[in-house]
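I opened my notebook for a first look through this structure. My entries follow in the order in which I looked things up.

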Amino acid sequence: LVVVLRDTICDMGEASELANYGEYSGAPTEVQTYEYAKTILKLMTSTKVHKSGKLLIIGGSIANFTNVADTFKGIILALEEYRLELIRHKVSIYVRRGGPNFQEGLRLMKEAGKTLEIPVHVYGTDTHMTAIVGMAMGKVFHCSKNPQPVATASFLLNTSQSTASLSMDSEQASSGPVEQLQFGSDKPSEANRELFSSKTRAIVWGMQVKAVQSMLDFDYVCQRQVPSVVAMTYPMTGDHKQKFYFGHKEILIPVYKSMAKAIEKHPDASVLINFASLRSAYDATVEALQFPQVRCIAIIAEGIPENFTRKLIIRAQQAGVTIIGPATVGGIKPGCFKIGNTGGMMDNIMASKLYRPGSVAYVSRSGGMSNELNNIISQVTNGVYEGVAIGGDRYPCSTFCDHLLRFENDPKVKMIVMLGEIGGVEEYKVCELLKDGKIKKPLVAWCIGTCASFLPSEVQFGHSGASAGAEKETACSKNRALKEAGAHVPNTFDDLATCMKKIYEELVQDGKIQLLDEKPPPAVPMDYSWARELGLIRKPSSFMSSICDERGNELLYAGVPISKIISEGLGLGGVLSLLWFRRRLPDYAFKFIEMCLIVTADHGPAVSGAHNTIVCARAGKDLVSSLVSGLLTIGERFGGALDMAARQFSRAYDEGLNPMEFVHKMRKEGQLIMGIGHRVKSINNPDARVKILHDYVVEHFPEHPLVDYAKQVEQITTKKKPNLILNVDGIIGVAFVDLLRKSGCFTEQEAQEYIDIGTLNGLFVLGRSIGFIGHYLDQKRLKQGLYRHPWDDITYLMPEDSRNL
């Protein structure tokens, strides 16, 4: 698409001033356009300062589904980064863009220019695509019109009931409104067969939900009574139904695993839209050619081997089937039918008046330039009758000539436009048709790529077929030949609209096209997801998350990219600190957390949680079921004392009770002191895990008053019984309170909240899950059978006198 901008620069005599250029497509993200724009700006500002300044042209045609505002945000970030250099080099910026959310994108660019104090001139789809080149170079006056709305989605409401001038030929005028669809087959004669009509129905290969919905929205605005998409086929899923919208109504479209079944169930489908990948597109097309009811196939994928394409051309000719593509966006017949994403989003369809037929047919190689042609034709004529993008590969399955002859034979077409490009010789065949009188209707033609003659070597442009191997394949040579053959060839692409307008006005003046009143189309509902992305609506979310965000290019834990977490070696302790506490704790805290997980990972097969896991595993249950059965035993009696120990010790300490007063108070209230006591370990047989954790806390924590307090309590309780020691639950509980309170990372209220909401028990659950999984794997590895508890380990106590029951 950017080639036409280069062409215009060269055609205006400024080829020597042309510097670097680049092109992006495929709906890049904000980050991707930021990195891309930085590369361009670095090159632009790395050379010497030009005395008259430098020009940065940000131009493009009307996008199909790229969110223009998102891509412009990335460019603006790069402009902000290079602001001083851009000012030093006296850079002026000219922007022209269209497509989804382009109004917001243009507004952002305009505001950025004011903020950065850089001249930024902004234009939308009301300005010809290449007009900014002449304005930037001072060849033409700046366009003063600025009718663009401040927000997109103006197509939602039919606020205007006034009629505008619509010109149509007499045959169209007498036919009344667009014919509405009825069920049934539509098979005109092969000699003069239309590709599409208002009765055309299609099968879509691939789960292209957005493309199908786009087609259904187009059907609705064209006032078709039933959808054009009759079924979908996709071999990777079973037969089912997929929900879509047809206007305000929800409908179900069947999805078949087999194409043969879809064809059999829907004999009225005559078009196959093939969204298969380059690896599968050939096979899917060959299969479709076996069914006589399929009369047209569109192949969207690019990169199909040329040898396969040539085979498809032969098969299609033998079957009498028209194939559009490969490497195409498809085609459109306003008021009747469109292929996939052709025409872009609904606001562009409405702006280009593609909901009703005009009198101008066009054929183009580029799918992106098709949108631009729709826009140009709608502004200078009564609109598009039919448009086809044959695709950018070197061997398209249908050619310029195929479609031009169709247009010539269709009495409703009054004017034809052809947009070729550098590479190949197909345009010379068009010249022969003109010379032989086989094309008599006015033909406006232009071949893109005239700038190639100014370049020092052969250049491969965007399409695989866009490269001149000989002088005859250059755009300049083709344009000369077309003009000599009788086509209307403008001096530059910049003059294309003017040339179209002149011929159209002559047709109107000669009475070949009559003027009618414009009838407003029905209002089209907007998808909720797109409306929300545009900021047109708001809705309370069902969930809120403040710890993780997976939506961008990189997963974020509490705002920290996962790559940074790994590169800085934060480890599991660092991950837990981010996801549990939403902040990065000190390094000693990471180590302490990991130590807690290590010492709580397992405590043998005899404890209740491990026992349950083992029994469940031996009963043949899966890993998750076995793990859950073990986790469900965790509570105050087993493993769940961390939170309670933290609460009891911290409350006593905060109330100013000395250790002896705390012990007496708990005894008087008849409560156990959580975190004190062990069935096996004692003061004479200490628990090594407790000693490891205690020593680490004393050595690395800045302060540890609650740990010291708990050790004083232990001195009192072990005088009563040697096994009333500070256990693992107790040391982890009190140490974590010291961490929360004394690390400097939490307020007093935050620290208490984490204690109250059960955070500390999470450490035991997380750690012990490691051991439970280990026991499950151990039992499976050992191939242990169903467990049954032995009778001799059960005491059976039956009632002595059952007669009284």
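D347 is found in helix α12, residues 346–351. I also checked D347 against N101: they are 246 residues apart in sequence and 9.2 Å apart in space, C-alpha to C-alpha.

**Ground rules**

I noted that this is a predicted model, in which local features need pLDDT of at least 70, side-chain atom pairs count only at pLDDT 80 or more, and totals for chains, interfaces and linings use all residues. Residues are numbered from 1 along each chain as its sequence is written, and side-chain values use heavy atoms, with hydrogens and water left out.

**Whole chain**

I found 30 helices and 21 strands in the protein chain. Helices (H or I, at least four residues) and strands (E, at least two) are DSSP runs, numbered from the N terminus. The radius of gyration is 37 Å, well over the 28 Å that the globule rule gives for 805 residues, so the chain is more spread out than a compact globule. That radius is taken over C-alpha atoms, and the rule is 2.2 Å times the number of residues to the power 0.38. The C-alpha atoms fill a box of roughly 115 × 85 × 55 Å along the principal axes. Of the 805 residues, 52% count as buried.

I then turned to contacts, meaning heavy atoms within 4.5 Å. Among contacts with a separation of 6 or more, 76% come from residues 24 or more positions apart.

**Domains**

The domain assignment, automatic or from a database, gives domain 1 (1–141), domain 2 (194–332), domain 3 (357–515) and domain 4 (608–782). The centres of domain 1 and domain 4, taken over C-alpha atoms, are separated by 62 Å. In an unreviewed entry, UniProt places "domain: CoA-binding" at residues 195–304. Such annotations may be inferred rather than shown by experiment. Over residues 195–304 I read 25% helix and 29% strand, with the end C-alpha atoms 24 Å apart.

**Helix α1**

Is helix α1 enclosed or open? In α1 (residues 3–11), 8 of the 9 residues are buried, so the helix is largely enclosed by the rest of the structure. The buried ones include V3, R6, D7 and C10. Their cover includes β1 (54–62), α6 (131–136), α13 (367–380) and β17 (443–448). Just after α1, G13 takes a positive phi of about 85°.

**Sheets**

I counted two strands as paired if DSSP finds at least two bridges between them. Strand β14 (residues 360–364) and strand β15 (residues 384–389) pair in the parallel sense over 5 bridges. Y362 stands opposite G387 in β15.

Another open sheet has 3 strands in the order β19-β20-β21, with antiparallel pairing. β19 (548–549) and β21 (560–561) stand at the edges with a single partner strand each, so one side of each is left without a neighbour in the sheet. Strand β20 (residues 556–557) pairs with β21 over 2 bridges. There, L556 has P561 in β21 as its bridge partner.

Definitions and conventions:
Buried < 20%, exposed > 50% of the residue type's maximum accessible area, 1.4 Å probe, protein only.
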